[in-house]
Amino acid sequence: MSRWFHELPQWRLHLGVAGNYVAELILPFLLIGPRSARHIAAAGRIAFQVKRIASGNLAFLNWLTLLPVLLCFDDRLLGRILPRRLVAQAGRRTASGVTLPRLGKLAVLGYTLVVIWLSVP
């Protein structure tokens, strides 16, 4: 879609620059604010990153930027958005004290070692 974004009218490109400033200079400060401001800022940051992913601009970095923003949504909001079956399953696992299985722990350890190894050079 990058060609389509490139061909947008000039006024729309200027509007996109203004949106970029809002998403990168204002919304991050709202992420440390009260609950409603945090949710609005996180939704705005997600929309901004999805637009950048669609445009093909730094796509991998944008996927990584989405992950910490998801942590701005609390359990009460996610409980209303996610399917009930998934929320009930998460509640059962939390109540029973289920931890990450051994395979999951090995995957996290393996990923950590790969990131460290690739970061050294």
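In this predicted model, the side chains of Glu24 and Arg52 meet in a salt bridge, with 3.1 Å from N to O. Glu24 belongs to helix 2, which covers residues 10-30, and Arg52 belongs to helix 3, so the pair ties together parts that are 28 residues apart in sequence. The two partners differ in their cover. Glu24 has a relative accessibility of 41% and therefore counts as partly exposed. Arg52 has a relative accessibility of 14%, and because this is under 20%, Arg52 counts as buried. Side chains of opposite charge can pair when their charged atoms come close.

Arg52 sits in helix 3, which runs over residues 35-55. Neighbours within four places in sequence aside, Arg52 is in contact with Glu24, Asn57, Leu58 and Asn62.

The structure holds three salt bridges. Another of them joins Arg35 to Asp74, where the closest N and O atoms are 2.5 Å apart. Arg35 lies in helix 3, whereas Asp74 lies in the loop between helix 4 (59-70) and helix 5 (75-81), so this pair ties together parts that are 39 residues apart in sequence. Arg35 has a relative accessible area of 25% and is partly exposed. Helix 3 thus supplies Arg35 to this bridge, and it supplies Arg52 to the bridge with Glu24.

A salt bridge is also formed by Glu7 and Arg3. Here the closest N and O atoms are 3.3 Å apart. Glu7 counts as partly exposed, at 49% relative accessibility. Arg3 reaches 60% relative accessibility; this is over 50%, so Arg3 counts as exposed.

The charged side chains were also considered for the chain as a whole. The chain has 15 positive and 4 negative side chains. The centres of these two sets lie 10 Å apart.

The loop between helix 4 and helix 5, which holds Asp74, also holds Cys72. Cys72 is buried, with a relative accessible area of 12%. Leaving out residues up to four places away in sequence, Cys72 touches Leu31, Arg38, His39 and Ala42. Cys72 and Ala43 are 29 residues apart in sequence. In space, their C-alpha atoms are 9.3 Å apart.

Two further residues of helix 3 were examined. Ala37 has its place in helix 3. The relative accessible area of Ala37 is 17%, which is under the 20% cut-off, so Ala37 is buried. Ala37 and Ala88 are separated by 51 residues in sequence and by 27 Å in space, C-alpha to C-alpha. Val50 is likewise found in helix 3. Val50 is partly exposed, and its relative accessible area is 46%. From Val50 to Leu113 the separation is 63 residues in sequence. The C-alpha atoms of Val50 and Leu113 are 29 Å apart in space.

The overall fold is helical. The chain contains seven helices and zero strands. Along the sequence, the pattern reads α-α-α-α-α-α-α. The chain has a radius of gyration of 19 Å, well over the 14 Å that the globule rule gives for 121 residues, so it is more spread out than a compact globule. The C-alpha trace spans about 55 × 40 × 25 Å along its principal axes.

Of the 121 residues in the chain, 18% are buried. Arg52 is one of the residues that count as buried, and Cys72 is buried too. The chain exposes about 9,600 Å². Carbon and sulfur atoms supply 70% of this area.

Contacts across the sequence complete the description. Among contacts between residues at least 6 apart in sequence, 50% join residues at least 24 apart.

Definitions and conventions:
Residues are numbered from 1 along each chain as its sequence is written. This is a predicted model: local features need pLDDT of at least 70, side-chain atom pairs count only at pLDDT 80 or more; totals for chains, interfaces and linings use all residues. Side-chain values use heavy atoms; hydrogens and water are left out. Helices (H or I, at least four residues) and strands (E, at least two) are DSSP runs, numbered from the N terminus. Buried means under 20% relative accessible area, exposed over 50%, partly exposed in between (1.4 Å probe, protein chains only). Contact means heavy atoms within 4.5 Å. A salt bridge is a side-chain nitrogen of Lys or Arg within 4 Å of a carboxyl oxygen of Asp or Glu. The radius of gyration is taken over C-alpha atoms; the globule rule is 2.2 Å times the number of residues to the power 0.38. Accessible areas come from the Shrake-Rupley method with a 1.4 Å probe; for residues, only the protein chains shown count as cover. Lys and Arg count as positive and Asp and Glu as negative; His and the chain ends are not counted. The place of a charge is taken as NZ of Lys, CZ of Arg, CG of Asp or CD of Glu.
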